[in-house]
Structure formats: structure tokens, C-alpha cells
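This report goes through a few features of one model. Please look at the sequence and the 3D view before reading on.

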Amino acid sequence: MIRVTVIYGPPASDAAFNAHYEDVHTKLVEKMPRLKRFSFSRGAVASSDDAKPAHLIAFLDYDTKADLDASMASEEGKAAVADLAKFADGGVTILTAEI
């Protein structure tokens, strides 16, 4: 299984980020083909005392790397990626791993 972990930095406005994420972005992600599972965790999370906290961490699971590649290349995947610029002003870190 392939897991994509998306770490969102603290936004300028928590309320605006949360509203857009819940009302728009999650719907775009859920339409992505071949996506096996999608979940997220909200709240300030940091790995150490000096680390920048995350506002939200999302997890997207796929059966294979080919499924991930096809999903990202789809119109739905492109729309979800393009949407990041509309609300993720605190920065985004994306990690991909085989689990």
C-alpha cells in the first residue's frame, strides 16, 4: 500500500482554512479515482519542542504506486492539487511512503 501524507502548516486564518478544507477540498479529494482511503487529523501537532506545528495532517492511501500516479494525473487529482493554492497559505509538505 502507498500512503501520501499531507502536512498543512498553520494558516493565516484557521476559520477560513477549515471552512474551505471541509466544504471544498475534501470533496475534491474524495472524487479522486483509485483512492482507497482518505482521512485527516486536525489540531496543532509537532514532533519536537522546536518543530513548527501542523494545523492539519491528511492521509491518502492507494493500493499501488500506479494507482497513485493515475489518481494524480486524473482531472480530479489535478483539481485537488490546484485547489491547494486557494487555502493552504501556511505551507504544505507532502510525503509518500510504502506501508
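Where is the place of asparagine 18? Asparagine 18 lies in helix 1.

## Basis

The model is predicted: local features need pLDDT of at least 70, side-chain atom pairs count only at pLDDT 80 or more, and totals for chains, interfaces and linings use all residues. Residues are numbered from 1 along each chain as its sequence is written, and side-chain values use heavy atoms, leaving out hydrogens and water.

## Helix 1

Helix 1 covers residues 14-30; helices are DSSP runs of H or I with at least four residues, strands are runs of E with at least two, and both are numbered from the N terminus. At tyrosine 21, helix 1 bends by about 45° (the angle between axes fitted to the seven residues ending there and the seven starting there).

Asparagine 18 has a relative accessible area of 19% and so counts as buried (under 20%, with exposed over 50% and partly exposed in between, using a 1.4 Å probe and protein chains only). Leaving aside residues up to four places away in sequence, asparagine 18 touches Arg42 and His55, where contact means heavy atoms within 4.5 Å.

## Nonpolar core

A nonpolar core is a set of buried Ala, Val, Leu, Ile, Met, Phe, Trp, Tyr and Cys residues joined through side-chain atoms within 4.5 Å. The largest one has 19 residues, of which Tyr8, Tyr21, Ala58, Leu60 and Tyr62 touch the most other members. At least two residues of this core come from each of strand 1 (2-8), helix 1 and strand 3 (54-62).
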